[in-house]
Structure formats: structure tokens, C-alpha cells
Amino acid sequence: MIRQIFAKPSEGGSTPRREVVMVEEQLSPEELAAFHAQGERFERNSDWLDAHASEVYAQHRGKYICVAACELFVADTPLEAIALARAAHPEDDGRLLRYIPKEKRICIYAH
Amino acid sequence: MLISGHWRVCEDGGVRPVVSGRVLAADGSWREVHFLVDTGADRTVFSAEVLVDLGLAASGSPVQLSGVGGQAASVPVDTSIRLQREDGTAVAFHGGFDAFTDQDALDMSVLGRNILNLFAAIVDRPRDVVCLIGQRHQYVIQTL
């Protein structure tokens, strides 16, 4: 569960209306091919992480991980993890970035 | 319209319903993100590491979002989310979203009801189905 808290007008708050508009996109064949290729790269990285989940999560708690070209990069900050992945695999635009909480916890979303 | 997701093993060993999407970053590129399908979330929210990766600037004042664990600070961001349809084409959602700034606030970005309300959401663990349907697609509940 995630619920937005609105400040009362008397406290200087206002109720923001933030609309989301859905648009059916007409991508060119080239754009569509790139769209699918990026998705396939991401799913490959995601599948790799799923296959190595127990060892990766156990060894790198409290760290940021980035998976690119099915290779794992670990750092203390997200930008460092991304930089490592980019340096090694600049061609992979389907990288997967994740933070591994310090402690394993039961999640009742949102936080 | 049919948008397919899947059940994914998360870091705590839990298996959760996710949809893969792409989010427009500040540099004009698209970043792949897993979204938890969260019908309890009022809004679609990016996790803190995704916000860093996107490089987006806040489009307004910080907003407090509350969940079971209490309140956490977030910032509004304007961007677009692309999801892939069953025929391979894309559908985009443009507008204002939110992003947590505290890494511990949220493990995974969530797809909330400001997008989910545009669809019927099916989250069926026994049959291994996660999907969003609308327009020409529909579902039928049958007694077998």
C-alpha cells in the first residue's frame, strides 16, 4: 500500500492533480526493433540474476548491484555500480540495477 | 490491449507479480525497470536507485507517501513509462509520478492505481499469470 499524504490548505498545502495520460505509440520499425532488443537484453540480465539470486543476495547485502551482459557489478552507490557496468559493457542498454537491503525482511508494500 | 507480466523471485525469496517497463531518463534514453503490480498503491512510484539512474530532477516540492511502515519522503518527477503490448507495440504513460529518495523506503518500483485503473489487472499465482487487459481484450470468470 502506498498512500499520498496531502497537507491541509491551512498548513500551506494544496491537493496536486497529477494526471497520467495513456498514449498508444506508433514507433517506426527501427524504433520498435530497438525497443524489443533492449527488452530482451534486460530480460537476459534479469534471468541471470534470478539464476544466481541466492548467492548474489547473500554476499552483497547493503550494496547496489548492476547486471549487464549477464555480468555482476557491485558498488556502494548506484552511480558507481552503473559506471562499472557501463565501462565493461557500454553496448548493454538493458542493464538491471538493484539495491540489496542490509537485512532480509518481510515486505508488506510499500515500505 | 494485453500487457503481460510475470512472477519474479525477489531478494527475500518472495515471488511477486511484476511488469517490465521502460522509463524515460533525463538524457533521453530509456531505462528498463521492474514494476511491482501493486493494486494497494495510490500512485506509481520509482525506487530511490531508479531515480538516481534516471537522473530526473524533481518537478515540485517533496511529498510524503505513507505505507504500512510509516511515512517516507518522495519527490514528484515528470517522465514517461512505456509498456509492451501483446502485439509487440508500445503504450506510453506520460505525466507526473513520484520517486522515493530514501533507499530503504522501497525495494522495488511499484505500478500503482494511477496506471492500473486504466486496466483490469490479473494477478493469478496458481496459474502463473500476471497481466493488464483493456480495450478489445476482456476476461471471463467460469465455473468448471
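In what order do the elements of chain B run from the N terminus on?

1. Order of elements. From the N terminus on, chain B runs β-β-β-β-β-α-β-β-β-β-α-β-β. That gives chain B two helices and eleven strands. The model is predicted, and the remarks below should be read with that in mind.

2. Confidence. The average pLDDT of chain B is 90, and 97% of its residues score at least 70. For the model, ipTM is 0.83 and pTM is 0.87. Where pLDDT is low, predicted coordinates should not be read in detail.

3. Overall dimensions of chain B. The radius of gyration is 15 Å, close to the 15 Å that the globule rule gives for 144 residues, so chain B is as compact as a globular protein of that length. Taken along the principal axes, the C-alpha atoms of chain B fill a box of roughly 50 × 35 × 25 Å. Of the 144 residues in chain B, 45% count as buried. Among contacts in chain B with a separation of 6 or more, 58% are between residues 24 or more positions apart.

4. Interface between the chains. Contact between the chains involves 48 residues of chain B and 43 residues of chain A. On the chain B side, the elements that give two or more residues are strand 4 (30-37), helix 1 (48-54), strand 6 (63-67), strand 7 (70-84), strand 8 (90-100) and helix 2 (113-116). Strand 8 of chain B gives the largest share of that side, seven residues. By class, the side of chain B that touches chain A has 20 nonpolar, 18 polar and ten charged residues.

5. A sheet within chain B. Three strands of chain B form an open sheet in the order 1-11-10, with antiparallel pairing. Its edge strands, each pairing on one side only, are strand 1 (2-4) and strand 10 (120-124) of chain B. From one strand to the next, the twist averages 15°. Strand 10 and strand 11 (residues 129-133) of chain B are paired in the antiparallel sense over five bridges. In that pairing, A121(B) stands opposite L132(B) of strand 11.

6. A hairpin in chain A. Strand 3 (residues 64-68) and strand 4 (residues 71-75) of chain A run antiparallel and are joined by five bridges. I65(A) has V74(A), in strand 4 of chain A, as its bridge partner. The hairpin of these strands has two residues between them, and A69(A) takes a positive phi near 50° there.

7. Is G62(A) buried or exposed? G62(A) lies in the loop between helix 2 (53-59) and strand 3 of chain A. It counts as exposed because it has 11 C-beta neighbours inside 10 Å, and the cut-off for exposed is 12 or fewer. Leaving aside neighbours within four places in sequence, G62(A) is in contact with I100(A) and K102(A). From G62(A) to P78(A), C-alpha to C-alpha, the separation is 11 Å in space and 16 residues in sequence.

Methods: Residues numbered from 1 in each chain as written. Chains lettered and ligands numbered in written order. Predicted model: local features only at pLDDT ≥ 70, side-chain atom pairs only at ≥ 80, totals over all residues. pLDDT = per-residue confidence, 0-100. Contact = placed C-beta atoms within 7 Å. Helix = DSSP H or I, 4+ residues; strand = E, 2+ residues; numbered from the N terminus. Nonpolar A, V, L, I, M, F, W, Y, C, P; charged D, E, K, R; others polar. Pairing = 2+ DSSP bridges. Axes fitted to C-alpha atoms, helices over the stretch in contact; angles between N-to-C directions. Rg over C-alpha atoms; globule rule 2.2 N^0.38 Å. Buried ≥ 20, exposed ≤ 12 C-beta atoms within 10 Å, placed from the backbone.
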